[in-house]
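Subject: A structure for you to look at

Hello,

I am passing on a structure that will be new to you. Please have a look at it below, and then read on for what turned up.

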Amino acid sequence: MRFVDASGDEVWKVPKGYVPMLLVGDGEDGDEQGQRVLVHVKVLREPCIAALLEMAAEQFGHGQRGVLRIPCDAAVLLEHMMSNGLGV
């Protein structure tokens with residue numbers, strides 16, 4: 001799968017088994033600023049990630065265009081994943 005950002009400038013390949021996400025943080029209003037991450041599909045089963053996906057649906061809707069925006073700071077997500085042994 002190839003990804004083109006909203007400006008149409010950047011193209012990169014998403015490895016098989018991963019989902020691209022944009023972590024926009026709780027304080028931001030959902031614009032395209034944030035940290036891009038690739039999340040392995042196995043991690044999507046984790047309750048904390050499922051909760052983030054629900055929050056994303058509430059804040060940004062189910063019909064997001066382009067990369068999936070998640071209302072979470074990258075540092076917070078990384079700390080939570082490491083403390084729960086999920087790896088990165």
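To begin with the aromatic rings, a search of the whole structure finds zero aromatic pairs. For such a pair, ring centres of Phe, Tyr or Trp (its six-membered ring) must lie within 6.5 Å, with planes under 30 degrees apart counted as stacked, over 60 as edge-to-face and the rest as tilted.

Residues are numbered from 1 along each chain as its sequence is written, and side-chain values use heavy atoms, with hydrogens and water left out.

The pLDDT, which is the predictor's confidence in each residue from 0 to 100, has a mean of 75 over the chain, and 74% of the residues reach 70 or more. Where pLDDT is low, the predicted coordinates should not be read in detail.

Now to the fold. The chain has two helices and five strands, in the sequence pattern β-β-β-β-α-β-α. These are DSSP runs numbered from the N terminus, with helices (H or I) of at least four residues and strands (E) of at least two.

Three of the strands form an open sheet in the order β4-β3-β5, with mixed pairing; two strands pair if DSSP finds at least two bridges between them. At the edges are β4 (35–40) and β5 (68–70), each pairing on one side only. β3 and β4 run antiparallel and are joined by six bridges, whereas β3 (residues 18–23) pairs with β5 in the parallel sense over three bridges. Leu22 has Arg69 in β5 as its bridge partner.

Helix α1 (residues 47–60) lies across β3 and β5, at about 105 degrees to β5. Angles run from 0 to 180 degrees between N-to-C directions, using axes fitted to C-alpha atoms, for helices over the stretch in contact.

Two residues are worth a visit. Leu23, in strand β3, is buried, with a relative accessible area of 4%. Buried means under 20%, exposed over 50% and partly exposed in between (1.4 Å probe, protein chains only). Leu23 stands opposite Gln35 in β4. Beyond its neighbours within four places in sequence, Leu23 has contacts that include Val37, Ile70 and Leu77, where contact means heavy atoms within 4.5 Å.

Glu54, by contrast, belongs to helix α1 and is exposed, with a relative accessible area of 53%. Its C-alpha atom is separated by 9.3 Å from that of Ile70, 16 residues apart along the chain.

Over the chain, buried residues make up 30% of the 88 residues.

Best wishes

Methods: Predicted model: local features only at pLDDT ≥ 70, side-chain atom pairs only at ≥ 80, totals over all residues.
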